[in-house]
Amino acid sequence: LHPFPTRRSSDLNPTTTISYELPTSGQVIIKIYDLTGRLVKVIANATQPAGAHSAQWDGTDFRGTPVAAGIYIYRIEFVGTNGKKMVQSKKMSLVK
């Protein structure tokens, strides 16, 4: 599991693109958390092939309500078809 270090966002539209690369095919779940550890939104939950992928977060919670500007954590959980599990978390800033 190799998340790319860059995240793209637009000042006019608070959308963040999280790019990552999978070593094999498998199940990917990407969750967004606030700094208190509260789950804000699940932005990906699918089986994906090996290779480069991306997921977008539009700055809203699971109800579609815009969240406050601040620091959030994204967590990528991956289970390969070989059963190997990988988890990686990184901080990101949402600027409005």
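## Close-up views of a predicted model

**View 1. Arg75 and its surroundings.** Leaving aside residues up to four places away in sequence, Arg75 is in contact with Ile29, Ile30, Lys31, Tyr33, Val87, Gln88 and Ser89. The model shown here and in the following views is predicted. Arg75 belongs to strand E6, and with a relative accessibility of 29% it counts as partly exposed. The side chains of Arg75 and Glu77 are joined by a polar contact of 2.8 Å. Val42 stands 33 residues from Arg75 along the chain, and the C-alpha atoms of these two residues are separated by 9.5 Å.

**View 2. The sheet that contains strand E6.** Four strands form an open sheet in the order E4-E3-E6-E7, and their pairing is antiparallel. Strand E4 (39-48) and strand E7 (85-94) stand at the edges, where each has a single partner strand, so one side of each is left without a neighbour in the sheet. From one strand to the next, the twist averages 15°. In general, the strands of a sheet pair through backbone hydrogen bonds, and they may do so in a parallel or an antiparallel way. Strand E3 (residues 26-34) and E6 run antiparallel and are joined by nine bridges, and Tyr33 has Ile73 as its bridge partner in E6.

**View 3. Salt bridges within and between elements.** The structure holds five salt bridges, one of which brings together the side chains of Lys31 and Glu77, with an N to O distance of 3.6 Å. Because Lys31 lies in strand E3 and Glu77 in strand E6, this pair ties together parts that are 46 residues apart in sequence. Glu77 is buried, its relative accessible area being 18%. Another salt bridge links Asp34 with Arg38, whose closest N and O atoms are 3.1 Å apart; Asp34 counts as buried at 13% relative accessibility, whereas Arg38, at 41%, counts as partly exposed. Asp58 and Lys41 also form a salt bridge, with 3.3 Å between the closest N and O atoms. Asp58 lies in the loop between E5 and E6 and Lys41 in strand E4, so the pair ties together parts that are 17 residues apart in sequence. Asp58 is partly exposed, with a relative accessible area of 38%.

**View 4. The aromatic pair.** The structure holds one aromatic pair, formed by Trp57 and Tyr72 in an edge-to-face arrangement, with 5.2 Å from centre to centre and 65° between the planes. The pair links distant parts of the chain, since Trp57 lies in strand E5 (residues 51-57) and Tyr72 in strand E6 (residues 70-80), 15 residues apart. Both Trp57 and Tyr72 are buried.

Technical notes: Residues numbered from 1 in each chain as written. Predicted model: local features only at pLDDT ≥ 70, side-chain atom pairs only at ≥ 80, totals over all residues. Heavy atoms only, no water. Phe/Tyr/Trp six-rings, centres within 6.5 Å; stacked < 30°, edge-to-face > 60°. Helix = DSSP H or I, 4+ residues; strand = E, 2+ residues; numbered from the N terminus. Buried < 20%, exposed > 50% of the residue type's maximum accessible area, 1.4 Å probe, protein only. Pairing = 2+ DSSP bridges. Axes fitted to C-alpha atoms, helices over the stretch in contact; angles between N-to-C directions. Contact = heavy atoms within 4.5 Å. Polar contact = N/O pair within 3.5 Å; in protein donor to acceptor, adjacent residues only side chain to side chain. Salt bridge = Lys/Arg side-chain N within 4 Å of Asp/Glu carboxyl O.
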